[in-house]
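Please open the model in a viewer that can select residues by number and display side chains. The stops below are intended to be followed in order.

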Amino acid sequence: MKNIVLLLLMMTLSFCSYSQRQDDSIDYLNYGIEKYHNGDIPGTLQDLIKAIELSPSNHMAYAWRAQIKHESGDNIGAIKDYDITIKLSPYYFLYYYNRGVSKGALKNYKGAINDFNIAIELEPNDTVSYFNRGVCRSILGDLKEAIQDYDKVIELDLYLSLIHISEPTRLLSI
């Protein structure tokens, strides 16, 4: 009986420790996001790294770190972090979209199209995925498919499509 009580106590302490690490990871993620909005990128990265150390399953911390890497021009690093993010949370379209943008920035247009396809499958009304897929298809010479994507953008949101057409490289750095 003593062994069972001891085992239950150890399991409870282990769970509490795990739960505390999860909470601490979320705190560091939030600190990092706040620092990002205040322009403290090095501080943001430090907090995101700590959040990941405390909880390697914190997909949001990986996603934020990937975004910062993309913004700083480290698209290879961004793609690696998005790969982890997608393994941890495979049903969120924005992770595929963002990885597609990073692949497009590296001129891996076929890889970008594959990611935009998945993003569209997960979120069929996302105009920017259609638009950026159209950009990639245009670059590859697949004009018929590109026009279909642009038509879909117009169908979904005429106003937003006008913004995309007026600033085509704003979304996808080509």
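The model is predicted: local features need pLDDT of at least 70, side-chain atom pairs count only at pLDDT 80 or more, and totals for chains, interfaces and linings use all residues. Residues are numbered from 1 along each chain as its sequence is written, and side-chain values use heavy atoms, with hydrogens and water left out.

**Stop 1: helix α7.** Select residues 127-139, which form α7; helices are DSSP runs (H or I, at least four residues), numbered from the N terminus. From first C-alpha to last, the 13 residues reach 19 Å, close to the 18 Å expected at 1.5 Å a residue (1.5 Å times one less than the number of residues). Because 11 of the 13 residues are buried, α7 is largely enclosed by the rest of the structure; buried means under 20% relative accessible area with a 1.4 Å probe, protein chains only. Among the buried residues are Tyr 130, Phe 131, Arg 133 and Arg 137. Just after the helix, Gly 141 takes a positive phi of about 85°.

Stop 2: The axes are lines fitted to C-alpha atoms over the stretch in contact, with angles from 0 to 180 degrees between N-to-C directions.

**Stop 3: α8 against α7.** Now select residues 143-156, helix α8; the axes of α7 and α8 come within 8 Å and cross at roughly 160°. That makes α7 roughly antiparallel to α8. The contact includes Phe 131, Arg 137 and Ser 138 of α7, and Glu 145, Asp 149, Tyr 150 and Lys 152 of α8.

**Stop 4: Ser 89.** Finally, centre on Ser 89, in the loop between α4 (75-88) and α5 (93-105). Is this residue buried or exposed? Ser 89 counts as buried, because its relative accessibility is 16%. Not counting residues up to four places away in sequence, Ser 89 touches His 59 and Tyr 95. His 59 is 30 residues from Ser 89 along the chain, and their C-alpha atoms are separated by 6.6 Å.

Terms used
Helix = DSSP H or I, 4+ residues; strand = E, 2+ residues; numbered from the N terminus. Buried < 20%, exposed > 50% of the residue type's maximum accessible area, 1.4 Å probe, protein only. Contact = heavy atoms within 4.5 Å. Parallel < 35°, antiparallel > 145°, perpendicular 65-115°, else oblique.
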